[in-house]
Structures are given as C-alpha cells and as structure tokens.
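Dear colleague,

Please find the structure below for your records. My notes on what was found in it follow.

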Amino acid sequence: MKKLSIVIPCYNEGGAVHQLLARYEQVLAGREDVEVIVVNDGSKDDTQVILEEESSRLSFLKVLHIYPNGGYGNAIVTGLKTATGEFVGWTHGDMQTPPEDVIRALDIIESSADSQHLYVKGKRQGRALPDVFFTVGMSLFESLLFRMKLNDINAQPNIFHHSFFKKWEMPPKDFSLDLYAFVLARRYAMKVKRFPVSFNARTTGVSSWNTDWKSKVKFIKRTLNFSFKLAKQ
C-alpha cells in the first residue's frame, strides 16, 4: 500500500507533460511510497503518446485514459477510484502548481495526531489582482451560502485520508469538485489545514476554460447552479 496517491487530470497538456514528470521524478527520488496517477481526459494532442512512453520508464507513474473528455471532476474521481494510497488527493498538471507542494502537504498530514480527520489544502500566493478579486468574490458568496469559511476554493493541492473519499456520493464532473470536497470536509467536521503555495504562470499551452471574461462568466454560472443544489442537500 502506498502512502500517497496524487491524481493529476490532463487535457491537451502535451507541451507540459515532460517537464511535469521530470519535476516529479526529482521530487520523488529515493522514495517508493507515492504514486502519481495522471488521467488523460480525452486529449486531442500528443498527451497520450507522451504519457505511454513515460509510464514505461517511471515506476511511480500510473496512466489512465478517458474518451471522450468527461470533465475535470470526472477525471479526478476516476483516478481516485484506482488509488492505493493511505492518503489521496489531486493537483493540476499545467506546472502552475509545483510538485513540491504535494510533498509539503503530505508532510503536514503525516505529522498530524489525527490524520484521518485532516484536510490539507494549498492557499495561493502572488496571483494577479483581477484573479484575486474574482477569488475573493466567489469565496465570500460561498461562505455566506454555506455558512462556513470557504476561501480560495480552487487552490491546490488537496490531500486527505482515503476514508474521506469513500463517503462521497455523486460528486460533480466539472470544476465544482473543489467546492464539493471542501464543503464535505467542513460538514464532516474535518480539521482544514491551509498552507501557502505559489501559483506560477503557465510554461506552455493555454487554459482549457479560463481564456477571457466570457469563460469566467460561464464558470460562475455553473458554480452558482451547483452551489445552490449542494446547499439544499
């Protein structure tokens, strides 16, 4: 049994995959207790080819393929279902969230006296002012709606005990998964531990959803619809 299974959803990240896995290879050098589950979510570029090549070389890497694209949340849940780690979680695959943060989160949760009831989540630093304004507005709305503190909801990574994942019922298939898991952790009275993480600029490629203000409006609408539905449950 592994100590940690970290899921990374990828959609058209062929330009970043080599760099991403090279960083994980450095970070995980000398340890065999972490598995990295990369879920290729219906990519249309060379992501699949690169992942298959790397999986034959890297012992820590597990590769899953989903066709057609099923959504961010669906990819993560698919990966979590195959996870063997005592602790599980996810982060991004676009190099905006350093692999070192995953190990920092694991160190935090392992040092806890009650690791089964701890939810470790990053808190982004150094972001552009428009993005900070957007995040603060969404955090305030969600906190008021659910009557609990929910700030920087989409920050990565997210790490927790495997037993928490087994309590999930019908998780969302889109970007609302971050909100769903965060709210459930609060509802189950888990202790939430935040730690500062850097949020870097993309080294290659472009976001699959955050392209302009119209995409942000669509994101807000989807999130609001799911938020009201989850609040009623």
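Helices (H or I, at least four residues) and strands (E, at least two) are DSSP runs, numbered from the N terminus. This is a predicted model, in which local features need pLDDT of at least 70, side-chain atom pairs count only at pLDDT 80 or more, and totals for chains, interfaces and linings use all residues. Residues are numbered from 1 along each chain as its sequence is written, and side-chain values use heavy atoms, with hydrogens and water left out.

T223 belongs to helix α8 (residues 213–232). With 7% relative accessibility, T223 counts as buried (under 20% relative accessible area; exposed is over 50%, partly exposed in between, with a 1.4 Å probe and protein chains only). Leaving aside residues up to four places away in sequence, T223 touches M138, E142, S176 and L179; contact means heavy atoms within 4.5 Å.

Seven strands make up an open sheet of mixed pairing, in the order β3-β2-β1-β4-β6-β5-β7; two strands pair if DSSP finds at least two bridges between them. At the edges are β3 (61–66) and β7 (191–198), each pairing on one side only. Strand β4 (residues 87–90) pairs with strand β6 (residues 158–161) in the antiparallel sense over four bridges, and V88 stands opposite F160 in β6.

Helix α3 (residues 72–81) packs on the sheet and touches β1, β2, β3 and β4. The direction of α3 makes about 150 degrees with that of β1; angles run from 0 to 180 degrees between N-to-C directions, and axes are lines fitted to C-alpha atoms, for helices over the stretch in contact.

Yours sincerely
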